[in-house]
Structures are given as C-alpha cells and as structure tokens.
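This report describes the fold of one protein chain.

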Amino acid sequence: MRLHATTVRGLSALALFALAGCSQGSAASSGPMSSPTVPVHPDGESALALAPLSSTALAKLLLDESDLGGDYTRMPQRAAAHDDVTVNCPALEKLGGNAATGTSLAFPRKAKASFAYAGGSNSELAEELYSDTAAKLSKGIGKIFDAMVSCPTYQVVSGNTVVTVGTQVTPAPDLGEEQWSQLLTYSIGGQRSVVKQTAIRIGNVLVLVSGAPGLVDANLERALDKAEAAL
C-alpha cells in the first residue's frame, strides 16, 4: 500500500494517514530540538488588526502549478472518513474533532491545495491557508503543536490498522511574525514515512506547508510571498 504525504497535511494528521495506507518512506533526519513557536508579537494583537480574508480570497493565494513548475501536479482533495479512529495521546484526545483527526484547523476561513512531485515516489506537498485574528490563529495552531509534541510517540488506531507516530520539533525559519515546525514520522507494517510541517503566521493569515521535508523547505518562502502579497 502507498501512504500519501498529502493525507497527513492537517496539523495532527492522524486518521487520514492511517486510512490511506503505507508507503516506501525514507528514514527521518534528526534535527535539534527547539521551541515549537517563536512569537514576535506575544499578545497576538500588537500589529495592525486586519479583517480576516474569506475562503474565496484565500483560495486565490494558494500555490498552483504555474508557481511550482512543470514537475508538480495538483491532486484532488480526499474525503475524510475517520469515525472509528482513536489516539492514545491524552493531549490530542482532549482536543477532539478535526484537531485529533487531521481534517483541518478549526477556522472557518480556509483553503487547501495538494500536489504530487514527479521527482520521487514519496514526494508530495500540501499547502493550507487560514485567516482569522492574529490572536486566534496563534492560539489555535499553538495549542495543536503543543499537544502533538507533548507525546513524542503515540499510536493511531483505525479499525485493525495501527500507526505509530513520532513527533520532533525542528527549528523554524525566521519568517513572518510567528513560526512553528516539526517532523512527523509514521510507521506501519514495517514501513516508515516522514512528513515535515511548517506553519508561519503573517498578520491575519496562517500559512501551513507540509509534505516531503525537502519540498517543504524549497517551497515555503514561495508560499509566503504569494500569501503576503494580499496583505
């Protein structure tokens, strides 16, 4: 079975990953531990308050094939089916709902895009954009990142499928106003797959890029530049 990196694009990214199956993933490269968030405006409201962008407006700011180049192909969004999923991480269980199953963050204004990269069998990239007040964005994503790293290793169970998840905080690039970054290592049936998730808040927009670590690093600034152009 193949496990698609874009099925783990949500911050907790648990149930969809378990339901999708497994792939020939490569081992994760270890990085130094760091604080999961680097606030520039700790109160979340010290910058000029802006009205949140609509989902329609956010969709126009997503990366597309013209931004990424011919090696990327946009993929259809997969429907979530995760009623039977359980997670043995108390902090994630407490959050419940979409936060514990990787569907999306609990912000009504959002847009998503997923891409397959022709350069490798385990090379996928996903981008999510959210808009709300700076304080709400900061609190929402910070709560989920903190919950995930509170359990360095935990299991996700969906039916008879058990996925072991490892989390590791990694240094976030000094971009935007707040930054979060981590590596997620998924193990199932003797196979391993690694996904990097980096989130950057710029004003009232949160940019989350996830997927193969090299692709995230290569395309993060491009995603930020396109989103920031609207602010």
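## Basis and composition

Helices (H or I, at least four residues) and strands (E, at least two) are DSSP runs, numbered from the N terminus. By that assignment the chain has seven helices and nine strands.

The model is predicted: local features need pLDDT of at least 70, side-chain atom pairs count only at pLDDT 80 or more, and totals for chains, interfaces and linings use all residues. Residues are numbered from 1 along each chain as its sequence is written, and side-chain values use heavy atoms, with hydrogens and water left out.

## Burial and contacts

The chain has 231 residues, and 49% of them count as buried, that is, under 20% relative accessible area (1.4 Å probe, protein chains only).

Among contacts (heavy atoms within 4.5 Å) with a separation of 6 or more, 68% are between residues 24 or more positions apart.

Nine strands form an open antiparallel sheet, ordered 1-3-4-9-8-7-6-5-2; two strands pair if DSSP finds at least two bridges between them. Strand 1 (72–75) and strand 2 (85–87) are the edges, each pairing on one side only. Neighbouring strands are turned by 25° against each other on average, direction ignored.

Strand 4 (residues 124–131) and strand 9 (residues 205–211) are antiparallel and joined by seven bridges. Leu-129 has Val-207 in strand 9 as its bridge partner.

## Helices across the sheet

Axes are lines fitted to C-alpha atoms, for helices over the stretch in contact, and angles run from 0 to 180 degrees between N-to-C directions. Helix 6 (residues 134–149) runs at about 35° to strand 7 (178–188). The strands it lies across also include strand 5 (153–158) and strand 6 (161–169).

Helix 7 (residues 213–228) runs at about 20° to strand 8. Strand 1 and strand 3 (110–117) are among the other strands that helix 7 lies across.

Terms used:
Buried < 20%, exposed > 50% of the residue type's maximum accessible area, 1.4 Å probe, protein only.
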